[in-house]
Structure formats: structure tokens, C-alpha cells
Amino acid sequence: MANDVKIENLDQVAVRFSGDSGDGMQLAGNIFSTISATVGNSISTFPDYPADIRAPQGSLTGVSGFQVHIGAEKVYTPGDLCDVLVAMNAAALKTQYKYAKPNATIIIDTDSFQKGDLEKAQFATEDPLAEMGIDKDRVIACSITQMVKDCLADSGMDVKSILKCRNMFALGLVCYLFDRDLNIAFNFLKEKFAKKPGVAEANIKVIQAGYDFGANTHSSAANVYRIETKSKEPGRYMDITGNKATAYGLIAAAEKAGLRLYLGSYPITPATDVLHELSKHKSLGVTTVQCEDEIAGCASALGASFAGALAATSTSGPGICLKSEAMNLAVIMELPLVVIDVQRGGPATGLPTKSEQTDLLQVLFGRNGETPMPVIAATSPTDCFDSAYAACKMALEHMTPVVFMSDAYIANGSGAFKLPNLADYPAINPPYVPEEMKGTWTPYMRNSEDVRYWAVPGREGFTHILGGLEKDSKTGAISTNPENHDLMCRLRQSKIDKIPVPDVKVEGDADDADLLIVGFGGTYGHLHAAMDEMRAAGKKVALAHFTYINPLPKNTAAVLKKYKKVVVAEQNLGQFAAFLRMKVDGFVPAQYNEVKGQPFVVSELVEAFNKLISK
Amino acid sequence: MSEYTAKDYKKGQPRWCPGCGDHFFLASLHKAMAEIGVAPHDIAVISGIGCSSRLPHYMATYGMNTIHGRAAAIATGCKVSNPKLSVWQISGDGDGLAIGGNHFIHANRRNIDLKMILLNNRIYGLTKGQYSPTSPRGFVSKSSPYGTVEDPFRPAELCFGARGHFFARAVATDAPGTIEVLKAAHAHKGAAVCEILQNCVIFNNGTHESVYTSEGRKKNAIYLEHGKPMIFGENNEFGLMQDGFNIKVVKLGENGVTEKDLLVHDAHCQDNTLQLKLAMMEGPDFPIALGVIRDVEAPTYDEAVNAQIEEVKAAKKYHNFAELLETNDIWEVK
């Protein structure tokens, strides 16, 4: 690099790629995060899709974004605000500038800032930068479209195909800014387009052109960033989204349990990628059935469970509403079932592509009768693997439906995933009915943990009927006896209460915190980052973040009551706080609630928590 | 010969009302099962909710008495994940065609190897007498005191409309006819709908009166048999002939009509046009068609799903979780 370039060494930096939903911003962001991860940086990504599939080109509603946060040490979130914003058109600049830091570098394609583009983006004047108060010194304005056309003029490609490569020019330029090794990107593209070498070649050519443009015109760049790799656990890694990690967790658990994996599902944003991922892996014996509706997705999974499979169904909040009757049937039939709820904004269709934690009370209580159901909430994209595995193990060993929760944010976001070794994971031993019980066995006999035995059809001597009507605890026959029903309700409850779950960890100033932050599920990264920032500023803060919601860890009450001030922070109007108050006598926390469909903003959390401490 | 007798499939004491069609059907099912000879522990009988959905409680097989309307969906997962099971789905007209209508048509469309028994008494019995989706227009019930103002489903029409490949019909009191139909359903690979016409003595007495006795069936029904000419009547004096786009009833010997002029039943014909016409016949002008009306071979969903798994296993190089991980872009941190 030239000497006159100002090189800034940073611990972490966030880049946001934004453009029209057809501009390939997700791919550009994805390649950039892979390159960064490959050189050992910590990564966290967040795709921000528009709700419309194909909004009019250049319109404000059609803007798609992809934020990549890279760090020398662990990064917990995709970052509140970005250091570099790529805006491929005027609408992207208009809608995405609010995610940029005040001193951020802005890259724009001037060819997409023409009069028509500005009108579509509802700019009032012909100078969008001035209109938005952006300092021109921070802007790398380049004629990306024209340069890409020139670059591929001799390729024989049609204009439409050529324009699809614009994202790669932006990527090349960003790679220059971060001093990234382009070979990693080249290899990525060669593999991605292995069947279309011409496309790979064109993309590679354009990335190089973008990089060269950056190198040749460095004076217009405000900064060049360098992110060193500091501490990192050695091992082999891959980039994984939460949904993919969820699918992998199910596959791993099925293999460990020696069972066929069955997924009954119905497409729904943002959970569909779990169905997509599992549908690919038939060579592992995975069976996926895309059903006629959400109801059948869950019902067919329950049928598969009865028949002896590890059965799961995947959905989002609106689907849970429809699945609740079969989930309830699973409770009374006491069959294993994993219900995956990738939460999105509600009620009803709500905000399909956005993220919330508003399904918690629904999955805990949204059924008729006394229907206790374990709930596990994954905390990050990579944690979806461990949590999905734990959900399968719990369902199979305790003969119960289990809800695995994630949300749009961690489901679509990604992180560096250290390849797991299945041998290190705990065994999964379903309570199959022992052969010696033949002749005396009835379906609701229980082991010491109050779990009934599993007799899979095909086994001679164990024919039986299960169903939605209350059964006698001893004979398994239909019973309306009042004492028996009371007993069965208590048994189904105690079976769940007896499930062992790990203690909740307290991170940070566990001994002497002035404020304990409490959260659950997908907000872990933001709450952790907020705690780190406050502790760096000298505050005494701790974090207790819950993965196991039902049953709650045994140390819950002790942890919650240990600190003078406790705040429960969640992306709803206080559902987890309400649940904790119900479960822990005398627990009266402060609350931080937000239902915006967007991830928390760390700086806002810090400000609110600081206020609480000083109160 | 089967090594089982009807007793091997029997369990418990049915609690339906005396005279209910379910009793007759259950007895025929036990006998049919014995003749079919699949071991009780390789059979799953899955029902929804309703009077007839109590049936799995009286079977010495594996069974599930599930939730209203979902039996076909639950049976689907059961069959697809464990294809060696013989899976029977038991539903009434409310369970199967109202709340479960969506699952009924999709199980037929996908052609899942389920034996789908539809016990049709044209009434909701368990909730004490409301009209069902098969009750005729104008039907007076507790929830339609002035008569319904809607047309009923005809199960065959729905099955054919959903691309069903097997449809048969029997009367609950006709044991030989019912057993024949159940055996044919078992022999058919794929979704096999058997409509069982049955009486509800309490809330819809006499609903299938014209064919409920053997005398009635002689007059008012025709037994269809593949490859046989369509003859019916107390003295086999009537037949069915094609008449342009329609079917007509003719009297043998009148206007020179002989047996050779009659339609010969073809249950295996891919095109379901005539089969549908037969299934839709009703009195008093036409006999009600009984027996196997349609029985056409087609690929089944459960076999195709499992065959595809085998194909992909042979084609792909990764077969366990550790190998799956290696299919990703991996980097190493040292």
C-alpha cells in the first residue's frame, strides 16, 4: 500500500453492504465475512431483508442490507453502526445511512444516483449527500456500473448478466480498504460457480477491478483499516447461520440416537431455511415432508414419532398457533417431538422478516389444559447447534415435545462455527420399553424420572393405543376418573420438572455487580456487548443469560435474588420478566423492553443500564 | 392361509349405541384383517375424533385415537417414516371431510399408502346431532332447524378431484361386501378410500335405508366387479349402458338389449370419467354403486420418498454427520 494512505488499526469494524434486493448484497457480504473469518477474525453477520419479494427497482422498500462485524477478538453482535457503508443506489443511501457511524466511509455507485434514481428514493434535490448532511470527504463516489460494463465489455455477456456483477466491484473495493487477500474470494467464487466457469471468471475479474480502483485512487479513501487476529481458539471452522446450525443439530442428534430424522414442515419466513437445509441431506437418510399446512407439518411429525423416528417440525410464531393442537396431543400422548420456533414480529403476519422474542408465553402456555412443555432458547447462530441437539436429547429421553426457539436475527445471522466432534457430545438414550416387561407393560408405566416407556410399532408383544383422551395411569385405558386425571396432570408436570438442566452462568462481576442484566435467547450478543462496554467504563455489571426457560435452572432464584438491582431485557413487552416473577417469589426486576423488529442497539442498552445503576 | 383369526385383532368392549353401524363395520374389519394376515404388531390404526374414531380402542394392533380431523396427517408421518407398517386411517364424515378435508385431499393427491376408511352416516353423532358435510341440502338437524342451505360433498367426487387412485364403497351391514372392499384396499398400493355407508340409529336413523338390508341392496344397489357386465335388480333384470355422455338404466330383453350391450366394469381404467359417473349414481332413478369402483396403480409417495433417499445416498459422497461437515468451506485457526 502507498505510504500516504492513512492506516487505522482497529479492534473491530462493521461493514454494511446495501442495495436493491436484486443487487446481490447478501452474497457480497457473505464472501467478505468468509474472507475475514478465514484470516482468523471473529465474525458476526446480520442480513436485513426487505419484506417484499420484488419491490420496484430502486424503491425505498426494496433495499436489502447485509452487515458484517469483524473483530480481532470475539465479537458478539453484528455491530450497532457500521464503519463502512456500501450504498449501491440512492434508495440504499437514504434508508441505510442511519446505520452508519458519523465518521463512516460511504461507498456509492454514482451511476445509480441519477435523476430518476433520486426521485425513486424521494430525494428533494439533486445533491443527496448535501441533503443528508454527509461530508463529501468521507464518500468514495465511483462510477461502478460503467466500470463494470467496461471491465466485461469483451466477455460476450449480455447487459443484464454484466450488471449482476456490480456487487463484486463493491466487494473488491472493500477488500482493498481492509487489505484482504483476494485469493480467498476467488476460490469461493470458483467453488460457488463450479458449473458456470464463465460466471466465476467474470466475477473474479470485477472483484480485481474494484480492488485496483481502490488502490489507484486511494486519495479519495478516508481510511484503510487493518484488523489483526488476536486470541482465537485453534481448530477448524466454518461460517454457519442459525438456521443451518439448527438443521445440523437435528442431524447430529438423530445420528447419535441411531434414529431416522423426520421433519414435517410448511414454508414460513424466517424458518424455511431449516426445511431447505434438511431437504438437501437425503444421503444421511433425512426425511422431509413439505405438508399441506402447518397443522399437518406438526401432526405428521407426531405420527413419525409414534412410528419411531426423531421427529421435528419447523415454523415461526403464526405456525405455532396452528401447531398448538398437535403439540398438545404430543403432551398427552407423551411422545418425543421437537418444535422449532424461529420467532418473527407479530401479531398475525406482523413483520415476517424481522426479529422479536414475542412467542415466549405462547410456547410456554398457549394450549388448552395443563400442558407443561420444555422450552430451550438458542443464544447465537452457532449456539443453535448445541441447543437443537439438547432439545432433541431432552425430547427423546423424557418422552415429551420440546420447543426450540430462535429468532429471525440469529437464524439468518452467522458466526464462525468450530467444527464439532460428535464423539464429544452426550449419548442419547430413549427409554425403550425393556423386553422383559412384555406381558405386564402398559403404556403409562413410568421410570424413576416419571418418564413413560417407548414401544415402537413393529415390536411384538407391545401393541397399545395412545390418544388425546385421558388415560388411566395404570391400565392405559380411557378414564374420566377425577383422581386419576388429577394424578396424570401432576405426573406430566413432574416429568418436566425433573428434567435436569445446567445452571445459569453469571458472567462479568458475578460477586459484586451493582446491576445484573437478565436476558434469554437471541439477545445474548447485544447484552454481553453492553456489559463489556459498561465494565470497560468501570461499572460493576453482571449478565445472567438463559437458554433453558422451562424447566428453569435450579440456581435461578439464588442468582436473581443475589443482586440489588436486576434488569430483564427482552424484545417484547416483558414476557420473560413475567415468567420469572411467576416462578421466583418476590422477584421484582426493572425491565428493558423493545419491540421494534430490529436487534437491540448496544449503545442504547448501555445508556439505559447506566441510568438504572445511578438511580 | 393366514395364521391369524379375527380374535387376534379384537380388543375390549365397544361402547357405541346398540345398532350403530360402527359395530357392523368393526366386526367386518376384524374378519378382513384375519384374512389379510398382516401381524397385529405391524399394523397401526389411526383415527381422529368422533364416534367412529373410537375404533382403534377395539383393535389389538398399535393405534392412535388422535385429534379432530388430523388422522390422515398423523398417519402420513407414520407411514412415510416407517413404511413397513400397514397403516389404516379411520374417520367419520365430519372428521374426514369437514375439519380434516384438507388432509383428506392431500393424502389422496400424494398417494400415500394409507387405507382411508370413511364411515359415512351423514351426521355428527358424538356432539349429538348436527348436520355434516355429507348431509343432503335441506337436512333438518339441531344446528339446522329450518334445513341446511348448502350442498353436501360426495366423497367419491372429492377423492377423484384430488386425483385419488382407489375408491370403494360398502354398506356397514353387508359383511361380505365390506370384507371384499377392505381386502381390495389392502391389496392396492397407495391411498385407498373406502366409503362405508352406515346408519346412526339415534340422530340420523334410516339415512341409507334404501340399501341397508340385503333386500334393499338387491333392488337399489349394483355390485361392481372388474371385468363383469353391469347387471342388477332383484332378478338381475336390469343393466347399465352408456348413452352419449351419460349412463342409463336398461331392462334386459327390452328393445333388443342383451348382456353384450351393457357396460363392463373397468376399475383399472386410468381415466376416471365413467368411474365417477358410477360413483355418483343415486336413487331412485339409479342404483347405488357398491364394490371397488376405481383401483388404478400409481407411484406411492412413501415409496418414492424412500427410493429418493436411496438414490441420493448412492449419488452423494457424504453419509454421516462428520462427512457432512466436510462439505462446507472450512478454515483452520492454528
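Two strands are taken to pair if DSSP finds at least two bridges between them. In this predicted model, such pairing links the two chains, for three bridges join β17(A) to strand β2 (residues 62-65) of chain B, and the two strands run parallel. Within β2(B), the residue N65(B) stands opposite G467(A).

The contact between the chains involves 57 residues of chain A and 49 residues of chain B. On the side of chain A that touches chain B, the elements giving two or more residues are the helices α1 (25-38), α10 (242-257), α12 (294-306) and α13 (317-333), together with the strands β9 (235-241), β10 (261-265), β11 (287-290) and β17 (465-467). The most is given by α12(A), which supplies nine residues to this side.

Within chain A, helix α8 (residues 182-192) and helix α9 (residues 197-216) have axes that come within 9 Å and cross at roughly 160 degrees. Because angles over 145 degrees count as roughly antiparallel, α8(A) is roughly antiparallel to α9(A), and the crossing of the two helices is right-handed. To this contact α8(A) brings L182(A), A185(A), F186(A), L189(A) and K190(A), while α9(A) brings A200(A), N203(A), I204(A), I207(A), Q208(A) and Y211(A). The residues of the contact between α8(A) and α9(A) comprise eight that are nonpolar, two that are polar and one that is charged.

Key: Residues numbered from 1 in each chain as written. Chains lettered and ligands numbered in written order. Predicted model: local features only at pLDDT ≥ 70, side-chain atom pairs only at ≥ 80, totals over all residues. Axes fitted to C-alpha atoms, helices over the stretch in contact; angles between N-to-C directions. Helix = DSSP H or I, 4+ residues; strand = E, 2+ residues; numbered from the N terminus. Parallel < 35°, antiparallel > 145°, perpendicular 65-115°, else oblique. Left-handed = near helix turned anticlockwise from the far one by under 90°. Contact = placed C-beta atoms within 7 Å. Nonpolar A, V, L, I, M, F, W, Y, C, P; charged D, E, K, R; others polar.
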